[in-house]
Amino acid sequence: MLVFGVLSFWLREAEVSRADIGYFSWVAMAYAVKWLWSPLADNLKIPLFHHLLGRRRSWLLVSQVAVAIAICCMAFTDPQQDLALMAALAVLLAFSSATQDINVDAYRIEIAEVEMQAALAAAYLTGYRLAMILASAGTLWLAALFSQSSDYDLSGWQHAYLVMGLCMLPGIITTLLSKEPVSVLKQQNTAHGSMITRFAAWLKQAVIAPFTDFFSRYKWHALLILALIACYRMTDVVMGVMANAFYVDMGYSKEEVASVSKIFGVIMTLIGAALGGVLINQFGIMKVLFAGAILSAATNLLFSALSQIGYDLMWLTLVISADNLSAGIATSAFIAYLSSLVNLAFTATQYAMFSSLMLLLPKFTGGFSGQWVDQFGYSTFFMMTAAMGLPVLILILLLAKADSSGRTTKVSAAKVKTEEIS
């Protein structure tokens, strides 16, 4: 939220163009390429911290401190005076946050058996969505509270971001108090080899093995799986790039957007996350994935209707509530699905690969959303994003058919035998 979502509200109030805001969303591409450095989390020991905290918690602590520093630095930046500096700090924040994501996901998957992953996905999503609401509605409220007038006030946004930087403290404390999961990754002993030999062995184990493992387990169906991962978030991510700019252009105040998100957003998020976990256990992941994709596209059509209606708090409440409910259901199913694909021997790398691919195409496409709004208007833009959900439905049906006919390799993360890479 702070690297782009709320920041787009700030930028629009600072009279940054919609096209520039759209391009600014590419900052979040860091989340889509985090697989590039994810092998480090599985294999690199951070000096001193690894001995004190273990592999997962040491990486978590370093990334969380970096996130806090980046947020505080953004608080002292004026986008009207130096937009490039704001972009650079946002890149630092995105990189640090993506690194945290890599290790949170690995920690969640490693801490419990596969039978608990659906419940963990629902719990993870609940905390994640609550944090998003704190960072979005909370920041908007604080920015309004600290502002001296109803017009754009830089100091209001700066104070709000400083408070958000302090909100990293509970996460840091939690990392220090949590237990380290038991590692199943076996390191290859190459201490006596040459530097080139050690590097080649590390490259094979840390970078190549996680990818070859995935394709060896799912064969050509891996291509369908990767296509689904790449497209599943398209509708809500592309739409979300322009959501806050849309609220500003429609005349909604920071307080109004924050109030509706806080009250109804929280309620529907909790219901959606819990309902998603229950539905997965009752009907299976693929059926809930399909329902979530339909709901995500449908809520975009509600945004299109709102753009035609104009300023209306009742409609805003309905749209935000529906959007949070559908996101809760869809994301619960999607997280559980991604978790089921992971081999515990390569937890961080494989999950980072999946979650990165999940954002790569949507984030890239979303960069052009400002131009599309300028050219077609908000109503048509929201309908376009809804139509982006059609390929997702087709891919889910193809994968479900493959599963039912027994052609897809079904290997759960818990049942994959951990082998030493030699």
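Are Phe-303 and Phe-382 buried or exposed? Phe-303 is buried, and so is Phe-382. Buried means under 20% relative accessible area, exposed over 50%, and partly exposed in between, with a 1.4 Å probe and protein chains only.

This is a predicted model, where local features need pLDDT of at least 70, side-chain atom pairs count only at pLDDT 80 or more, and totals for chains, interfaces and linings use all residues. Residues are numbered from 1 along each chain as its sequence is written, and side-chain values use heavy atoms, without hydrogens and water.

**Stop 1: Tyr-124 and Tyr-128**

Rings of Phe, Tyr and Trp (its six-membered ring) pair if their centres lie within 6.5 Å; planes under 30 degrees apart are stacked, over 60 edge-to-face, the rest tilted. The count by this rule is 19 aromatic pairs. Select Tyr-124 and Tyr-128: this pair is stacked, at 6.0 Å centre to centre and 15° between the planes. Both sit in helix H7 (residues 117–146), four residues apart, about one turn of the helix. Helices are DSSP runs (H or I, at least four residues), numbered from the N terminus. Tyr-124 is partly exposed at 22% relative accessibility. Tyr-128 is also partly exposed, at 41%.

**Stop 2: Phe-303 and Phe-382**

Now select the opening pair. Phe-303 and Phe-382 are tilted, 5.5 Å centre to centre with 45° between the planes. Phe-303 lies in helix H15 (residues 285–309) and Phe-382 in helix H19 (residues 378–387), so the pair ties together parts 79 residues apart in sequence.

**Stop 3**

Return to Tyr-124 and show Arg-108. The charged end of Arg-108 sits over the Tyr-124 ring, 4.8 Å from its centre. The rule asks for NZ of Lys or CZ of Arg within 6 Å of the ring centre and within 35 degrees of the ring normal.

The axes of H6 (residues 83–110) and H7 come within 10 Å and cross at roughly 145°. Axes are lines fitted to C-alpha atoms over the stretch in contact, and angles run from 0 to 180 degrees between N-to-C directions. From H6, select Val-104, Asp-105, Arg-108 and Ile-109; from H7, Gln-117, Leu-120 and Tyr-124. These residues make the contact, meaning heavy atoms within 4.5 Å.

**Stop 4: Trp-315**

Finish in helix H16 (residues 313–340), at Trp-315. Trp-315 is partly exposed, with a relative accessible area of 24%. Leaving out residues up to four places away in sequence, Trp-315 touches Leu-302, Ala-305, Leu-306 and Ile-309.

How values were computed: Helix = DSSP H or I, 4+ residues; strand = E, 2+ residues; numbered from the N terminus.
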